[in-house]
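Reader: I'd like to learn how to read a structure like this one, feature by feature. Can we go through it together?

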Amino acid sequence: MISDKANAIFKDVIKTYKVLNTVDQPFTNKFDKNEDLIAHLLYRKCWIDTVQWAYEDIIRDPNIDPVAALELKRKIDASNQDRTDTVEYIDSYFLDKFNDVEVKPYAKINSESPAWAIDRLSILALKIYHMHLETIREDATDAHKEACEKKLNVLLEQRVDLSKAIDDLLKDIANGDKYMKVYKQMKMYNDDELNPVLRGQK
């Protein structure tokens, strides 16, 4: 099941990142893309999300220096683009994997591609990790811990449901009961031809 593999990789990524726990640490992918491409992509995907999670925390500091905030905003923009590109690489992996499947006449398209569902699974891993920390935070009140415990249980249930949905979707695609149709994101605000502000600077 791809969800088992993804969830294990996501957990490992977060654990590895938290050893140094800094956005400036070097990134090393534990998986060789020539030996296990999907693992390589999943590891990269979650690392991007983990760093960006930290970025989003930092930029919300009400006392952050405006210049530093602008620099961080640029990093978040770049991270978002990297995230989108990686999701599309994951979808390309699945498109290639299921390229020879005979699609049944009644096959339907899913509203969400496999990779974008996996994207949500990666974010969910981060939510679970950080919500768990809130349940054991020593300086938190019992009421806070109890509230976070309830939220954590919901997140854990959501991971079970989302994992099954992803596995079911890939099984349906493999059997020809559903088919993939991927639309590139076509983001406009990073494109110096499509963003009028950037175009005006040329």
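Reader: Let's start with charge. How many positive and negative side chains does the chain have, and how far apart do the centres of the two sets lie?

Author: This is a predicted model, so take everything here as computed from it. The count is 31 positive side chains and 37 negative ones. The centres of those two sets lie 2 Å apart.

Reader: And how do I go from charges to pairs?

Author: Side chains of opposite charge can pair when their charged atoms come close. Searching the whole structure turns up 14 salt bridges. One of them joins Lys30 and Asp12, with 3.0 Å between the closest N and O atoms. That pair links distant parts of the chain: Asp12 belongs to helix H1, Lys30 sits in the loop between H1 and H2, and 18 residues separate them.

Reader: Which residues are linked in a network of salt bridges?

Author: Lys45, Asp49, Arg83 and Asp119. When you display them, show the four side chains together, as they are linked through salt bridges.

Reader: Now the fold. What pattern does the chain follow along the sequence?

Author: For a first reading, go through the elements in order. You get α-α-α-β-α-α-β-α, which comes from six helices and two strands. As for extent, the C-alpha atoms fill a box of roughly 60 × 55 × 30 Å along the principal axes.

Reader: What share of the residues is buried?

Author: Of the 202 residues in the chain, 35% are buried. Contacts give you another view: take those between residues at least 6 apart in sequence, and 71% of them join residues at least 24 apart.

Reader: Which residues make the nonpolar surface patch?

Author: Val103, Ile109 and Tyr179 make a patch of about 230 Å². Ile109 is in strand E1, which covers residues 108-109. Its class is partly exposed because the relative accessibility of Ile109 is 38%.

Reader: Backbone angles next. What should I look for in phi?

Author: Most residues other than glycine have a negative phi. Asn21 is a residue other than glycine with a positive value, near 55°. Look for Asn21 in the loop between helix H1 (2-20) and helix H2 (37-59). Asn21 is partly exposed because its relative accessible area is 45%.

Reader: And how do I read separation in sequence against separation in space?

Author: Pick two residues and write down both values. Tyr129 and Lys75 are 54 residues apart in sequence, with 23 Å between their C-alpha atoms. For Lys150 and Lys33, the values are 117 residues along the chain and 39 Å from C-alpha to C-alpha. Lys150 lies in helix H5 (residues 142-175), and it is exposed because its relative accessible area is 54%.

Reader: Which residues does Tyr129 touch, not counting residues up to four places away in sequence?

Author: Ile14 and Lys18. Tyr129 itself is in helix H4, residues 114-135. At 28% relative accessibility, Tyr129 counts as partly exposed.

How values were computed:
Residues are numbered from 1 along each chain as its sequence is written. This is a predicted model: local features need pLDDT of at least 70, side-chain atom pairs count only at pLDDT 80 or more; totals for chains, interfaces and linings use all residues. Side-chain values use heavy atoms; hydrogens and water are left out. Helices (H or I, at least four residues) and strands (E, at least two) are DSSP runs, numbered from the N terminus. Buried means under 20% relative accessible area, exposed over 50%, partly exposed in between (1.4 Å probe, protein chains only). Contact means heavy atoms within 4.5 Å. Lys and Arg count as positive and Asp and Glu as negative; His and the chain ends are not counted. The place of a charge is taken as NZ of Lys, CZ of Arg, CG of Asp or CD of Glu. Patches are made of residues with over 30% relative accessible area and no salt bridge: like charges are joined within 9 Å, nonpolar side chains (Val, Leu, Ile, Met, Phe, Trp, Tyr) within 5 Å. Accessible areas come from the Shrake-Rupley method with a 1.4 Å probe; for residues, only the protein chains shown count as cover.
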